[in-house]
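The sequence and model are shown first.

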Amino acid sequence: DVLDKDQTVGVVQPKIRQLLRKNNLDACASYLTNTGFLYHYGYSQNQSDKKYNKKLFIYSAKGACFLTRKNLVDKVGLFDEDYFAYFEETDFCHRVWLAGFKVLYEPSAEIYHLGGPNKEVSSVTQFHSYKNRIATYIKNFDVSTLALILSLHLLLILAISMIYFAKGKLGYTYAIIAAIVWNLTSLKKLLRKRKFIKRRLRRIEDFNLLPQIKKNVKVSYYKHFLLN
């Protein structure tokens with residue numbers, strides 16, 4: 001209904017609750033941060049809290065469930081076929097924003113999501129997550145934003161890889177290095193995609209977009225990236 005009434009909205013995400021802990025949120029909103037990591041607003045919080053029950057414009061919907069229009073998919077394209085898994089919905093939503101549409105969190109609609117098993121993240125997951133995040137930024141940011149966010153992100157993940165190395169988690173270290181190498185070896189292909197997005201899709205500049213999709217978070221938020 002939202003998609004029909006407001007043509008500026010391109011993607012709608014419902015409130016996603018955890019199936020096994022029904023009063024907890026699985027997804028509410030994801031925002032970009034200055035570090036390049038996403039801020040998952042409301043994750044595992046009480047779904048009945050008033051602040052999670054109002055409409056919000058968000059950077060990215062969660063791939064577990066969102067709605068969009070076919071004509072918009074025809075315009076911005078499907079999920080990137082080079083991604084396989086992880087961050088593909090964020091890349092899609094970023095293109096939706098660049099095309100001049102918005103991503104909306106609509107709490108009046110709800111689903112339950114079982115999610116994956118609660119266990120340590122695999123090195124394969126780490127590889128695809130880091131690989132696709134870097135690729136998304138190369139394709140979608142303008143030069144100044146790319147210089148600021150991606151450079152900081154690369155420094156941080158290299159530092160994280162060294163911490164994993166010191167902890168003896170060599171699979172995680174390898175996953176991060178391999179993700180960076182993949183983007184370097186695929187740079188020509190990524191730049192072709194970037195050129196298409198810039199010439200055919202972009203209708204909004206980053207200085208107007210970033211205030212709508214970015215949040216500043218406390219340093220303590222990032223501790224979970226180091227505790228795996």
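Is D1 buried or exposed? With a relative accessibility of 64%, above the 50% cut-off, D1 counts as exposed. The structure is a predicted model, and the points below are grouped by topic.

**Start of the chain**

- D1 belongs to the segment that precedes α1 (2-5).
- From D1 to V12 the separation is 11 residues in sequence, and their C-alpha atoms are 9.9 Å apart in space.

**Nonpolar cores**

- The largest nonpolar core holds 57 residues. Those that touch the most other members are V11, C28, L32, V96, V103 and Y137.
- A separate core of 5 residues lies apart from the largest one. Its members include V2, V9, V12 and L104.
- L32 has contacts beyond its neighbours within four places in sequence. Among them are the aromatic residues F37, Y59, Y137 and F141. L32 is also in contact with L38, I149, L210 and I213, and with the lysines K214 and K215.

**Helices α5 and α6**

- Helix α5 spans residues 143-166 and helix α6 spans residues 170-185. Their axes come within 7 Å and cross at roughly 155°.
- An angle over 145 degrees counts as roughly antiparallel, and α5 and α6 are therefore described in that way.
- The crossing of α5 past α6 is left-handed.
- On the α5 side the contact involves L154, I157, L158, I160, S161, M162, Y164 and F165. They meet L170, Y172, T173, I176, I177 and I180 of α6.
- By residue class, this contact has 12 nonpolar and 2 polar residues, with no charged ones.

**Helices α3 and α8**

- Helix α3 (residues 88-98) packs with helix α8 (residues 206-213) at an angle of about 130°. The two axes are 11 Å apart.
- At that angle α3 is oblique to α8.
- α3 passes α8 in a right-handed crossing.
- H94, W97 and L98 of α3 make the contact with D206, L209, Q212 and I213 of α8.
- The contact of α3 with α8 comprises 4 nonpolar, 2 polar and 1 charged residues.

**Helices α3 and α4**

- The axes of α3 and helix α4 (residues 123-140) come within 10 Å, and the crossing angle is roughly 15°.
- Angles under 35 degrees count as roughly parallel, so this term applies to α3 and α4.
- The crossing of α3 past α4 is right-handed.
- From α3, the residues in contact are D91, H94, R95 and L98. From α4, they are T136, K139 and N140.
- This contact of α3 with α4 divides into 1 nonpolar, 3 polar and 3 charged residues.
- H94 and L98 of α3 take part in the contact with α4, and they also take part in the contact with α8.

**H128 and Y86**

- H128 is part of helix α4. Its relative accessibility of 13% is under the 20% cut-off, so H128 counts as buried.
- Y86 is located in the loop between α2 (70-76) and α3.
- The phi angle of Y86 is near 80°, which is a positive value in a residue other than glycine.
- Y86 has a relative accessible area of 39% and is partly exposed.

**N24 and S44**

- N24 sits in the loop between β1 (9-18) and β2 (25-27). N24 counts as buried, at 13% relative accessibility.
- Residues up to four places away in sequence aside, N24 touches R17, Q18, S44 and Q45.
- S44 is in the loop between β4 (38-41) and β5 (56-57).
- S44 has a phi near 65°, a positive value in a residue other than glycine.
- S44 is partly exposed, as its relative accessible area is 24%.

**P211**

- P211 is located in helix α8. With a relative accessible area of 61%, P211 is exposed.
- P211 lies 54 residues from I157 in sequence, and the distance between their C-alpha atoms is 24 Å.

Note on methods: Residues are numbered from 1 along each chain as its sequence is written. This is a predicted model: local features need pLDDT of at least 70, side-chain atom pairs count only at pLDDT 80 or more; totals for chains, interfaces and linings use all residues. Side-chain values use heavy atoms; hydrogens and water are left out. A nonpolar core is a set of buried Ala, Val, Leu, Ile, Met, Phe, Trp, Tyr and Cys residues joined through side-chain atoms within 4.5 Å. Buried means under 20% relative accessible area, exposed over 50%, partly exposed in between (1.4 Å probe, protein chains only). Contact means heavy atoms within 4.5 Å. Axes are lines fitted to C-alpha atoms, for helices over the stretch in contact, and angles run from 0 to 180 degrees between N-to-C directions. Helices (H or I, at least four residues) and strands (E, at least two) are DSSP runs, numbered from the N terminus. Angles under 35 degrees count as roughly parallel, over 145 as roughly antiparallel, 65 to 115 as roughly perpendicular and the rest as oblique. A crossing is left-handed if the near helix is turned anticlockwise from the far one by less than a right angle, and right-handed if clockwise. Ala, Val, Leu, Ile, Met, Phe, Trp, Tyr, Cys and Pro count as nonpolar, Asp, Glu, Lys and Arg as charged, and the others, Gly among them, as polar.
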